[in-house]
Amino acid sequence: MVAGPDTSLTCPPARRPTCVFVGLGSWGRRMVPRVARVFDIVAMVNKGGSESTAWHAERYCEVPLFTNLDHALSRRPVDAVFIATPTPTHAALACRALDAGCHVFVEKPLALAPGEAARTVSLAERNGLELFIGYIYLFHPGFRFLRDLSRTNPIRSLRFEWIRPRLSGSLHGELLCHDLAVTIGLTDELPERIITLRASERSLHCQAYLTSQCSYESIIELRDATKYRSVTAVYDDGATYVWQNDTVYSLANPGVDLLGEPDTEDPLSQEIAAFLSAIWSGRRIPADRRFSVGIAERLSEVDRSTTPP
């Protein structure tokens with residue numbers, strides 16, 4: 001799992017890398033301008049949707065648009081493929097790109113099925129290619145603040161809370177995976193097992209323990225309210241910090257935001273820069289692959305507990 005941005009290149013590239021961008025939904029449309037800053041987008045792929053088609057025609061009409069990834073990859077050599085499609089399609093599209101010799105940036109999670117995640121990771125390793133999973137909160141200054149404290153003061157417990165008015169996918173596939181990624185980034189541990197305490201179409205409450213005895217809890221709710229996200233971290237010395245949306249404060253002094261000046265680049269741009277660095281430096285991120293399979297295993301446990309027999 002990427003523990004934070006590393007945008008340094010051992011050898012600056014002699015040319016801008018090329019890529020194909022797959023998926024022009026709302027998140028994909030947010031990503032494309034940031035990708036275009038550092039990659040030449042030679043083709044886009046989208047299955048349909050009048051809004052996405054109109055957006056492409058208005059902003060990127062010079063970039064060929066396909067409905068099939070294989071057709072897009074056949075036109076010219078491509079260095080990388082970005083995948084921002086619904087979760088069930090991630091692993092299959094990533095494998096097709098890896099088979100074509102392309103590095104892959106795929107939005108989180110890599111897969112909900114452990115077997116699909118393992119096959120994709122194995123293919124990337126066999127082909128010597130970068131497989132980068134986009135967990136954006138690992139590039140947020142709030143994450144770095146909590147992680148830096150944990151280097152000398154281990155975390156005793158983590159509590160995640162989400163409120164969203166709606167989601168396009170499942171609660172665990174869209175949001176719980178972020179909590180698992182942040183937990184790994186802060187503790188270097190994947191929960192051995194997830195226990196689902198409550199589950200419905202609009203709420204999910206999960207609990208787990210790590211081998212270090214750090215406790216973990218996630219509460220996710222869909223309801224008509226302002227979007228909200230918080231991570232409460234209790235450290236070994238009893239100090240408690242809350243990362244709420246784009247601020248971090250101590251429970252001892254909740255009126256003071258501890259993050260200071262914002263980063264010059266937003267977390268999504270930092271993710272893309274880290275992917276580019278991994279490609280050109282040749283320094284693969286093995287933990288990213290290893291934990292992606294583990295995250296799929298935990299998500300599949302939740303899926304089984306929330307799916308009616």
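Visitor: In what order do the 6 strands of the open sheet lie?

Guide: This is a predicted model, in which local features need pLDDT of at least 70 and side-chain atom pairs count only at pLDDT 80 or more, while totals for chains, interfaces and linings use all residues. Residues are numbered from 1 along each chain as its sequence is written, and side-chain values use heavy atoms, with hydrogens and water left out. Strands here are DSSP runs of E with at least two residues, and helices are runs of H or I with at least four, both numbered from the N terminus. The open sheet has parallel pairing, and its strand order is β3-β2-β1-β4-β5-β6.

Visitor: Which strands stand at the edges?

Guide: Two strands count as paired if DSSP finds at least two bridges between them. Two strands of this sheet have a single partner strand each, so one side of each is left without a neighbour in the sheet, and these are β3 (65–66) and β6 (131–134).

Visitor: Which residue in β6 is the bridge partner of glutamate 107?

Guide: Strand β5 (residues 103–107) runs parallel to β6, and 4 bridges join them. Within β6, the partner of glutamate 107 is glycine 134.

Visitor: How many residues of α7 are buried?

Guide: A residue is buried under 20% relative accessible area, exposed over 50% and partly exposed in between, using a 1.4 Å probe and protein chains only. One example is histidine 172, which lies in helix α7 and has a relative accessible area of 6%. Helix α7 is largely enclosed by the rest of the structure, because the buried residues number 17 of the 17.

Visitor: How many of the residues of helix α4 are buried?

Guide: Helix α4 spans residues 90–99 and is mostly covered. Its buried residues include His90, Leu93 and Leu98, and among the elements that cover them are β1 (18–22) and α5 (114–127). The count of buried residues in α4 is 7 of 10.

Visitor: What pLDDT does the protein chain average?

Guide: pLDDT is the predictor's confidence in each residue, from 0 to 100. It stays under 50 over residues 1–11. Where pLDDT is low, the predicted coordinates should not be read in detail. Across the protein chain, 92% of the residues score at least 70, and the average is 91.

Methods: Contact = heavy atoms within 4.5 Å.
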